[in-house]
Amino acid sequence: AVVDDLVSGKLNHKGSTVPLLCALVYEAGAWNDGRFTLVQSRKGRSEMRLECQGQSAHAGNDHHRGCNAIRQLCRAVERIEDLTDYDRDLTVNIGEIYGGTGKNVVPSAAAASLEIRAADQHVFRDAVSSIQDIVGSIDPLRSSDGKTAATLEGVVEKEVMPWPRNDGTETLLEIFEHIAAVSVPSANGGILREDRGGLSDGNRFAHLGVPVVDGLGPGGGNAHCAGANGGPR
């Protein structure tokens, strides 16, 4: 199997009609207290964009004609962020906001990019639905002259479904556990299992029903952040 690109989500099973027996994914791994740590599940991710349209106007001469798109967008932001629920292993993060052209112009457009992550597929779907409900329930902001009303919509741009724990992955982990016990006696009992919040190609294989073991790559820290580092495995 060849994974073209995790970002684009393309997955090709090239050059063979033989079903995939398993997938071994070399995302970053870890070594904790003398034991290998391998990934047994991953959260899913939905990328969404909020888009708001208002009415531009000169902030000095015609402020009453303007309908502020940024203000309308902000009505939704806090309510959507409040959907985060650690007890349900659900996080919602609005990571980018755009809007306006200058301090002297009432902004006619604003947008926000956000992501949802959850381990459970039902929680995942419920969160996407809840965001759409919030967007639809917010009363439209109107210009002071009453001639313009703002619009707000939420668009799902891309989704990667959760990879839950499953029997196929557990069987693979038991094989790796046996290998570790035989080949690395100092591994103190073999491997540790990890449920990870980040995505990998393992999500896509798992969605195809293929047993997956992940985290076989080198260790490191501070993924996707300043100070990201790799280390020996």
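Predicted model: local features only at pLDDT ≥ 70, side-chain atom pairs only at ≥ 80, totals over all residues.
Q: Noted. How many helices and strands are in the protein?
A: The protein has four helices and 15 strands.

Q: What share of the residues is buried?
A: Of the 233 residues in the protein, 36% are buried.

Q: And the contacts? What share comes from residues 24 or more positions apart?
A: Take the contacts in the protein with a separation of 6 or more. Residues 24 or more positions apart account for 74% of them.

Q: On to the sheet with β8 in it. What's the strand order?
A: The order is β8-β10-β6-β11. This is an open sheet of four strands, and the pairing is antiparallel.

Q: Which strands stand at the edges?
A: β8 (90–99) and β11 (151–160) do. Each has a single partner strand, so one side of each is left without a neighbour in the sheet.

Q: What does the twist average from one strand to the next?
A: The average is 20° from strand to strand.

Q: How many bridges join β8 to β10?
A: Nine bridges link β8 to β10 (residues 109–118), and the two strands run antiparallel.

Q: Which strands does α1 lie across?
A: Helix α1 (residues 69–81) lies across β6 (44–53), β8, β10 and β11. Its direction is at about 165° to β8.

Q: And α2?
A: Helix α2 (residues 121–137) also lies across β6, β8, β10 and β11. For α2, the angle of about 165° is to β11.

Q: How do the axes of α1 and α2 meet?
A: The two axes come within 10 Å and cross at roughly 150°. That makes α1 roughly antiparallel to α2, because angles over 145 degrees count as such.

Q: Left-handed or right-handed crossing?
A: The crossing of α1 past α2 is right-handed.

Q: Which residues make that contact?
A: From α1, Ala76, Arg79 and Ile80. From α2, Ile131, Ile134 and Ser137.

Q: How do they divide by type?
A: The contact of α1 with α2 has four nonpolar residues, one polar and one charged.

Q: Staying on α1, is Val77 buried or exposed?
A: Val77, a residue of helix α1, is buried. Its relative accessible area is 17%, and buried means under 20%.

Q: What is Val77 in contact with, leaving aside its neighbours within four places in sequence?
A: Val77 is in contact with Ile94 and Ile97. Val77 and Ile94 are 17 residues apart in sequence, and their C-alpha atoms are 7.5 Å apart in space.

Q: How accessible is Asp89?
A: Asp89 counts as partly exposed, at 36% relative accessibility.

Q: Where does Asp145 lie?
A: Asp145 is in the loop between α2 and β11. Asp145 is partly exposed, with 28% relative accessible area.

Q: What is Asp145 in contact with beyond its neighbours within four places in sequence?
A: His64 and Arg65 are in contact with Asp145.

Q: Do β5 and β12 run parallel or antiparallel?
A: β5 and β12 run parallel, joined by six bridges.

Q: Last one. What about Phe36?
A: Phe36 belongs to strand β5 (residues 35–42). Phe36 is partly exposed, with a relative accessible area of 21%. Phe36 and Glu177 are 141 residues apart in sequence but 9.1 Å apart in space, C-alpha to C-alpha.

Technical notes: Residues numbered from 1 in each chain as written. Heavy atoms only, no water. Pairing = 2+ DSSP bridges. Axes fitted to C-alpha atoms, helices over the stretch in contact; angles between N-to-C directions. Contact = heavy atoms within 4.5 Å. Buried < 20%, exposed > 50% of the residue type's maximum accessible area, 1.4 Å probe, protein only. Parallel < 35°, antiparallel > 145°, perpendicular 65-115°, else oblique. Left-handed = near helix turned anticlockwise from the far one by under 90°. Nonpolar A, V, L, I, M, F, W, Y, C, P; charged D, E, K, R; others polar.
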